[in-house]
Structures are given as structure tokens and as C-alpha cells.
Amino acid sequence: MKIFRSKLFFALITLILAVLICLGLLLGQLFKSYYIQVFDERLKKETDMLSNYIGDLGGIQSLTADKVKGFSDTLGLRVTIAANNAAIEFDSGKTDPIQRHEEIIAEIIAEDEKSLNAKEIGGGYDYHYYWKPIIASNGDGQEGYIFLSAKMDELENAYQQIWWILIICLTLALVIIIFLGSSITSRYTKPIEAATRVAIELAKGNYRARTYDNNLAATGKLSSSINILARNLQDMVKSQEMHQDRLSTLIENMGSGLILIDSKGYINLVNRTYKEVFHTDSAEYINELYYDVIDHKEVTDLIEEIFMTEHKVRKQLLIPIGIERKHFEVYGVPIIGMNDVWKGVLLVFHDISEIKKLEQIRRDFVANVSHELKTPITSIKGFSETLLDGAMEDKEALNQFLKIILQESERLQTLIQDLLDLSKIEQQGFSLSIEKFDLLTVINEVIAIVNRKAEEKNITISIEKEKETILIEADPYRMKQVFINIVSNAISYTPNGGIVAIKIAGDDAKVLIEIEDTGIGIEQEEIPRIFERFYRVDRARSRNSGGTGLGLAIVKHLVEAHKGLITVKSEIGKGTVFHIELNKEFIDK
């Protein structure tokens, strides 16, 4: 806060100091010019006087060295008498340090033998020469020149004294000005600094800040105005914060996903439900164009429709999210402000997947179960009737029909068991028998179980591992059930002579299992549905292999019950890869 005062004070002192320096320089030059002018006038008069005196005395012949020395002592100057040819007749300053005295006199006479003049010699000597011709009164005309030369010591001393006086006076004036200026600037800037501090606090959001009132009219009005503004802002912010908290709580905790898009197509708001449902982050969406970050074409088309028609839109959309497909009822509303100003679009995503799922289950469960039961029951009934009609007498037919009846019975048993397992897993009271065990041991047991099926199709099962022992906390029976389902499916959908590779890796916290086959692959649009009940990628092959269509649904529920994650990647004709991520320590939430 002292910066403003310091800058103002420094500016004033700099201006005053500049004025004082300029004034001192001007006064110094004026004093110097005055002294030089007075000194020149004096020497000119003394030169005229001595020239006339010597002329009246009888010329140069009447002079003696003693007289010349007397002139020099009386005037305090060096007196030199020179003939017209520049020969030195008399000189009172033989011991003077200047060495070019005779050359200077010769140069002066050579340049102008008649004119009265003055000359200043620099180069470290600082001498002034004044001269005048000597004309004898006896009528002989000009006999020579008289030269008066003086070193400017007195002038320099006087000039230094003047400067010292000026420096002392100006310094005292500057000290007084600094003292008075500091007091004045402090008095007038303190209220401004206080108001500035309060303004900065208000800008930071501290609306409790206040400044003190003062007696100065202008700054007093400023202080009182800022205090009134602070009180009004504090009341306004309190009210706004209360409404904002209510609105934020409502938006963040509403059961539907919400997106707010401005008039230019930039996303301004994404609530927590939307982020949780679509597995996104606010940083990826906020201040980004909606068509750059929203990957679902159905949603972008709906937004474009609202922008084009400016009407409310309500649609039910089926959107794939990861490995799932979810149903949403989407409400799109254009936001139009005062004077029909276009503000943007508000989208609300109401997840109706569970409702659709329940409806679909109600519609399909009887159909699916009855369809799955119909084939084995029909087979059992048909072969039983055939046997009762007389086929029992044929030993070979009897044996074959009984084997078929046994297979269909086992299929019925498997289907019913899978339904019971799935029903049990989906119940809220479902619990796991958690214990610590070696995951590699379970996988080796799974390979031993399915190995016969693999050998029948000449399929190689390989396992890659980083360690010989991988200990995890899980339900070993359920883990075996997961891997049996996945590996069995891999064998079923892999042509003869193919490969099923199991890779196991991990770190201190997690273990990653990758099961890859060289099978027929899965279409990209079918991947989100493979974990649904009774869904089959290749229905004919699944039914022929004895599959029930419930295995992957059970797998997904079991992995999620262990707080794990399962994902699928596949390419038609090249194979499928299942990625399973499990925690080494069971997380019980």
C-alpha cells in the first residue's frame, strides 16, 4: 500500500530536485559570467592605463626591469613588454610555469598587430592575455606591445565559493521540501491507500472490509462511498450465496444428468450425475464445444435439432457406455432470455435403463426361458415317445436316444443352475467367501477342466506369468467360475487349431488377467450386449455347444462383486481379448 505514496513522493521530489539543479546551474553560470565580465573590464582598463602611461613616459626606452616588476606587483599580473617584431624586452614573470609564453606573444602579434584584443589559453594553464600597442608621445609611432597575462585562480576560487553557497542553500531547501512533502503526501494519500486496501479486499471477496472516515472532503466522500458499497456487496453476496448453494445442491444431487450449453456451443455446466453415468471429467467438458467432447451422435444430433428449431425436444435414446448400453429419456430445452435473446441449450438425461431393463426382463424372461427349455424338453419328449413306440427293441437306437436324453437333461440342469446362480448373485444378501489363495493355482485347475474340450478341437492353451505365485483375497470358487466361463467361451468360438492365451501381470495392489483367443471375433455394436442374459454372438454355435447365454452375465456380476473391472476388445476374424482387473486385497465397502 505504500507504493502509491512512495511513487507520488518520489515524483514530487524528483521534480523539485530537477528544478533546484537547473536553478543552481543557471545561477552558477550567471555568477560566473558576471565575474568574468567584471574581470575583463578591469584588465582592459589596466592595459589602456599602462599603455598610455608608458607612452607618456617616453616609450619602451624609458622602462626598466624594476619598473615593469613594480607594475606586476601593483596589479598582481604578469607584465610583458614586446617589440613590434615580437622580441621580449621586459618580462616580470620569468619563473612562471607556462612554457609557451614567448610563442603565444609571437602568435598574437603575427595574427593582428594593431587590434586590441584578449586571448584565453587552455590546455591546463588557464591563462588570459590582454594586450595593446605602445605609442610613444615623442612621435616615434608604435614601439611595441604591452601584454598583461593572468591566471584565473581568483575567479576559480570565487566560482567555487559561489557553488558551495548554492549547494548548501539548495540542500537545505531540499531537506525542508522533503520533510514538508512527506507530511503533505502522507496526509493526503493515507485515505486513498486505505480505500485502495479495502477495494482490493472487496475484489478478493472479503466484503467485511471497511475503511476509516476522515475530515478531508474529497477523500471522506470516497471512504464513505466505499464503505456503503462494501455493505451492499456483503448483503448481495450473502443472498446470492444462499440461492447459489440451493441451486448447486439441487443440480448436483438431482437424479438426472444435466448439461448446460451456451449460445456458441460451448459447455458451461456438467453436473455430478452426468459425470458418474458417462464416466467423464469436468475438465474434459467445461469450455469445450459440445460436438468435440460428446462422442454420441444421437446426443449431438438432438442438440443440433434444438439449435435449429428452437423448440423443446424429448426423445428416448439408447447410448452405449463402455461395455453397457443404457436407455435415456433426454429433455432438451432452448434457453431464451429477455427480448428473445438466445442463451443456449439445457439437456437433462434421465436414466431409464433399469425401467427398460425390467420391462425387457418381464417381456423376455418367459420367452427366453421357455425357448431355452423348449428344445431340450422337446428332444426328451420326442425321443421318449420314439422309444415307447418300439425303438427300445433296437439296442443301438436305444443307446443313442438315451445319450441324447441325458445330454438334454444335463443342459436343462445347467440352465436351471445358471438361472439360480444369477438370481442368487443379483440378490442384495449375496455374499462371497473371501480368503487368500494363489490365483495361478485356480487358473491351472480351470485349464485342467477345459483341457479335454480344447484337445478335441486341437486348440492350444498357453499361460504367461510374471511370478510363480500371485496371492489375492477373493472367493476362489467364484473366481474359478469366472475363468471357466470365459475360457470355455474362448474355446467354443475358436476354430480348430487355434490358440487361447492367458496372460497374468500386476503390481503390489492389482492383478491383471488377459484372456485372448484367435476366434471369430465380435462385432463392435454387439460388444455392449454380450453381458446381457441369453444374448449370443453366434446363436447356432452357442446352442450346439450347450451354452445357455447366461455365462457372461454371471461373469460380469461376479467380477463387480469383487470390486473388479472387466472389459472386452475384439476384431472380426482375428479374435477377442477379455481384460480383468482385480484388487489383491479385497475392498469391502
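**View A. Residue I566 touches I323, I486, F531, V555, V559, F578, H579 and I580, leaving aside residues up to four places away in sequence.** A contact means heavy atoms within 4.5 Å. The model is predicted: local features need pLDDT of at least 70, side-chain atom pairs count only at pLDDT 80 or more, and totals for chains, interfaces and linings use all residues. Residues are numbered from 1 along each chain as its sequence is written, and side-chain values use heavy atoms, with hydrogens and water left out.

**View B. The largest nonpolar core has 42 residues.** Such a core is a set of buried Ala, Val, Leu, Ile, Met, Phe, Trp, Tyr and Cys residues joined through side-chain atoms within 4.5 Å. Buried means under 20% relative accessible area, exposed means over 50%, and partly exposed lies in between (1.4 Å probe, protein chains only). The members that touch the most other members are F483, I502, I513, I566 and I580. Two or more residues come from each of α12 (439-456), β13 (471-474), α13 (476-492), β14 (499-506), β15 (510-517), α15 (551-561), β16 (565-571) and β17 (575-583). Of these elements, α12 gives the most, with 8 residues. Another core lies apart from this one; it has 25 residues, including I267, L302, F328 and V345. In soluble globular proteins, nonpolar side chains tend to be buried together.

**View C. Strands β8, β9 and β10 are joined by antiparallel pairing.** Helices (H or I, at least four residues) and strands (E, at least two) are DSSP runs, numbered from the N terminus. Two strands pair if DSSP finds at least two bridges between them. Strand β8 (residues 313-321) is joined to strand β9 (residues 324-336) by 9 bridges, and I321 stands opposite E324 in β9. These two strands form a hairpin with 2 residues between them, where G322 in the turn has a positive phi of about 65 degrees. Strand β9 also pairs with strand β10 (residues 342-351), again over 9 bridges, and here I335 stands opposite G344 in β10. The hairpin of β9 and β10 has 5 residues between the strands, and N339 takes a positive phi near 55 degrees.

**View D. Aromatic rings form pairs and a cluster.** A pair of aromatic rings is described by the distance of the centres and the angle of the planes. Rings of Phe, Tyr and Trp (its six-membered ring) pair if their centres lie within 6.5 Å; planes under 30 degrees apart count as stacked, over 60 as edge-to-face and the rest as tilted. The structure holds 11 aromatic pairs. In one of them, the ring centres of Y145 and F147 are 6.1 Å apart and the planes stand at 45 degrees, so the pair is tilted. Y145 and F147 are both buried. Y274 and Y285 form an edge-to-face pair, with 5.7 Å from centre to centre and 70 degrees between the planes. Y274 belongs to helix α6 (residues 272-278) and Y285 to helix α7 (residues 282-285), 11 residues apart. Both of these tyrosines, Y274 and Y285, are buried. One aromatic cluster is made of Y274, F278, Y285, F328 and F349.

View E. N287 counts as exposed because its relative accessibility is 54%. With 35% relative accessibility, K563 counts as partly exposed. The C-alpha atoms of R533 and L419 are 9.6 Å apart, although 114 residues separate the two in sequence.

**View F. Residues 162-181 carry the UniProt annotation "transmembrane region", taken from an unreviewed entry.** UniProt positions are given in the numbering used here, feature names are shortened, and annotations may be inferred rather than shown by experiment. In the model this segment is 100% helix and 0% strand, and its end C-alpha atoms are 28 Å apart.

View G. Of its 589 residues, 39% count as buried. The mean pLDDT, the predictor's confidence in each residue from 0 to 100, is 78, and 83% of the residues reach 70 or more. Over residues 113-117 the pLDDT is below 50, and this stretch has 12 contacts in the model beyond near neighbours in sequence. Residues 540-546 also have pLDDT below 50, with 11 contacts beyond near neighbours in sequence.
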